[in-house]
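Please keep the sequence and the structure in view while reading.

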Amino acid sequence: MYQKKVMRVISIAIFLLFTGVHSQQDPLISQYVYNTYALNPAFFGTLGVWEGVISARKQWGDFPGSPAILMVSLYHTAFLKRYTGGILALVDRIGPVRYSFISASMGYVLKAGRNASISAGMRAGIAFWNFDTRNIKQKDMEDLNTLTNNQYGGVLPFLSVGILYQSGKFYGGASITNLTESVASTSPIYGEYLQKRHFYLFSGYTVVAGSGLLWKPSFCLRFVRGTPLNFQLDNTFVISQILIAGLGLRSSPALIFILGATLKDNIRAIINIERIVSRDQRNGLMSYELIIGTSVFTRKIMASPSVL
């Protein structure tokens, strides 16, 4: 049993390396509605209040060496309520591969009507990539000695850009991450680490479905060259501006269950439980995602489609 687990971890690592190690560069998150700043820098500070968010994700929890992500962000609207800014840091680990970055974002907000605005944002930072074969555990596997006791990695610059339109009940935006497609060279055995461009398109709307009930349908489209198109559709309900519940569907395919609450008007916590539904060996794999955020909320902000 132990040997099978070790072989799974090694298989994942080798697959990622020989395909350019790009599939998990951008964090695969199911709570994109509450993590929009991670995908689009144009979202930073658009609500006009200080906001801080910590999110964590454990993907395929029952699978050895599965991805684990921790993300921290802080942002606000600055000069004349037109310029926005924020910082974002992330650590992403899958088996012996660790990817982390720290970045700063800035944007500009332009009024487009009484309750509408158009914003553009840019995020720049430094990414650190490391493949440490010493983290691959082995037992009675002498044929893999050449794979261990080595470290490979590099430091890469990256740049992301985005645009966003928001009105009283609607938002829509697009972004491109890893715009520069930086490359880190490693040994001939492991190939190279390539930061592929990611293209995102997303939108959401708020419907007053009843007294104290908001319905927030939304979608996110993600495209990376050389990989299948990824589409996610969510239906989230906010009850009395306190309870959050919803159901999502991703083209992977996966079902996503959403549950959360807003406490004391400025603290929110949401958990997602994601289950892969397929006919192959991935069927039944579970992922878990948690977000804890705080901000200075008002009722007007709470009704915005891009927040809870």
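## Core and aromatic pairs

Apart from neighbours within four places in sequence, leucine 39 is in contact with Ile29, Tyr32, Ser175, Thr177, Tyr200, Phe202 and Cys220. These contacts are read from a predicted model. Leu39 is also, together with Phe101 and Phe202, one of the residues with the most contacts inside the largest nonpolar core, which has 37 residues. In soluble globular proteins, nonpolar side chains tend to be buried together.

Phe202 leads on to the aromatic rings. The count of aromatic pairs comes to nine. In one of them, the ring centres of phenylalanine 43 and phenylalanine 202 are 5.8 Å apart and the planes stand at 35°, so this pair is tilted. The pair joins distant parts of the chain, since phenylalanine 43 lies in the loop between α2 (36–39) and β1 (51–58), whereas phenylalanine 202 belongs to strand β10 (residues 198–205), 159 residues apart. Both phenylalanine 43 and phenylalanine 202 are buried.

A further tilted pair is formed by phenylalanine 199 and phenylalanine 223, with 6.2 Å from centre to centre and 40° between the planes. This pair, too, links distant parts of the chain: phenylalanine 199 is in strand β10 and phenylalanine 223 in strand β12, 24 residues apart. Phenylalanine 199 has a relative accessible area of 33% and is therefore partly exposed. Phenylalanine 223 also counts as partly exposed, because its relative accessibility is 35%. Finally, ring pairs join Phe43, Tyr171 and Phe202 into a cluster.

Strand β13 covers residues 230–239. Its covered face consists of Asn230, Gln232, Asp234, Thr236 and Val238, while Phe231, Leu233, Asn235, Phe237 and Ile239 make up the uncovered face.

Which strands pair with β13 in the antiparallel sense? They are β12 (residues 213–224) and β14 (residues 243–250).

| Hairpin | Residues between the strands | Turn residue with positive phi | Phi |
|---|---|---|---|
| β12 and β13 | five residues | glycine 226 | about 90° |
| β13 and β14 | three residues | serine 240 | about 55° |

The pairing of β12 with β13 runs over ten bridges, and that of β13 with β14 over eight bridges. On the β14 side, isoleucine 239 stands opposite leucine 243. Both phenylalanine 237 and isoleucine 239 belong to the uncovered face of β13.

Notes:
Residues numbered from 1 in each chain as written. Predicted model: local features only at pLDDT ≥ 70, side-chain atom pairs only at ≥ 80, totals over all residues. Heavy atoms only, no water. Buried < 20%, exposed > 50% of the residue type's maximum accessible area, 1.4 Å probe, protein only. Helix = DSSP H or I, 4+ residues; strand = E, 2+ residues; numbered from the N terminus. Pairing = 2+ DSSP bridges. Core = buried A, V, L, I, M, F, W, Y, C linked by side-chain atoms within 4.5 Å. Contact = heavy atoms within 4.5 Å. Phe/Tyr/Trp six-rings, centres within 6.5 Å; stacked < 30°, edge-to-face > 60°.
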